[in-house]
Amino acid sequence: MSRPLLVLLLVLAACSGCRSTATNPSSASDGVVPWLDQPLRLYVPPQRKLIRYPTSASPCRAGQLRVSQGRGGVGLGNELEELVFMNVAKRACLLRGYPTISGETAGGSRQTLRLQRGGTYFGRLVPADLPPGGHVFLDLATNTGCEGGRKPTVHYRHLLVTLPEGGTVRANQVTISEDCGLSMSAFGLPERYPPTRGAAVGSAGTLSAHVHVPDGFRAGSVLHYTVTVINPTKTTVTLDPCPGYSESLYASGLVVRRSFALNCGSVHAIPPHGHVEYAMQLSVPRQAKPGNGKFLWNLDTPTGPFAGQAVGITGD
């Protein structure tokens with residue numbers, strides 16, 4: 001997932017009791033457009049061509065690298081801990097793949113961190129040469145949602161980073177904290193793509209959206225929620241052709257993604273600065289584990305709109 005998209009997916013909303021101000025409003029007594037049970041083929045956004053970084057340099061050696069603490073970040077119960085690897089040598093080198101990391105705990109014992117490879121919630125990194133003075137990142141992330149947030153945090157210091165090609169780099173000025181496991185990216189830089197074209201004036205891609213999901217819901221239940229779709233522009237947005245939408249639920253060991261048709265039977269257009277509230281449903285699988293998760297919703301256009309909310313799942 002690209003980082004610009006990730007920023008869009010982390011938009012959280014708190015609009016309750018909204019009423020439709022669209023043309024041809026719903027006939028529902030509460031002003032909410034009823035849910036339409038019309039599944040669609042799962043929407044896949046058009047793929048932009050990845051702009052690759054140069055990767056022709058020879059592998060980095062431990063003596064060429066210095067490690068520092070990078071930026072942090074939080075998102076829907078996830079916490080980012082980023083390490084920055086700088087090339088302090090006079091020639092370019094390439095650092096790629098996954099390292100092994102050990103660290104000292106508060107008790108003084110050294111432990112090898114149990115790291116889940118494959119990337120983190122905060123996006124994917126891709127390989128890139130390090131010119132002299134250049135850098136790449138290594139992202140680690142933990143989740144704070146297990147055991148109701150009561151699990152003690154483990155802090156690691158005096159890190160030793162063993163490179164995929166061999167050799168160990170000391171990172172004494174860097175610390176890592178673990179709450180509910182640690183995921184890890186490969187070495188690299190954020191994915192980069194050509195600039196995204198903006199949505200056409202008057203099209204569904206110019207809308208914005210807020211989701212309103214209950215604070216908690218049970219595994220095996222039908223989740224009832226609403227989405228408020230807003231036209232922030234000065235141009236009427238005609239819902240013709242009627243756009244589809246996708247809804248996604250991410251939790252521990254669970255990914256649910258489905259696409260449906262929007263109910264355009266009674267609301268055909270949203271006027272400038274108008275909004276419409278839609279009733280929505282999502283069947284939550286029985287195998288969903290209790291704990292924190294994230295819920296995402298978007299209209300099926302390359303520019304969204306996208307909306308999201310942190311959610312809590314209880315046992316069946």
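Student: How many bridges join strand 11 to strand 15?

Tutor: This is a predicted model, in which local features need pLDDT of at least 70 and side-chain atom pairs count only at pLDDT 80 or more, while totals for chains, interfaces and linings use all residues. Residues are numbered from 1 along each chain as its sequence is written, and side-chain values use heavy atoms, with hydrogens and water left out. Strands are DSSP runs (E, at least two residues), numbered from the N terminus, and two strands pair if DSSP finds at least two bridges between them. Leu140 stands opposite Met184 in strand 15, and the bridges that join the antiparallel strands 11 and 15 number two.

Student: Which strand do nine bridges join to strand 11?

Tutor: Leu140 in strand 11 also has Glu81 opposite it. The partner joined by nine bridges covers residues 78-87 and runs antiparallel to strand 11, and it is strand 4.

Student: How many of the nine residues of strand 11 are buried?

Tutor: Buried means under 20% relative accessible area, exposed over 50%, and partly exposed in between (1.4 Å probe, protein chains only). Strand 11 (residues 135-143) is largely enclosed by the rest of the structure, because its buried residues number seven.

Student: Which side chain of opposite charge is nearest to Asp300?

Tutor: Asp300 lies in the loop between strand 25 and strand 26. Although buried, Asp300 has no salt bridge, a term for a side-chain nitrogen of Lys or Arg within 4 Å of a carboxyl oxygen of Asp or Glu. Lys and Arg count as positive and Asp and Glu as negative, with His and the chain ends not counted. The nearest side chain of opposite charge, 7.2 Å away, is that of Arg257.

Key: Helices (H or I, at least four residues) and strands (E, at least two) are DSSP runs, numbered from the N terminus.
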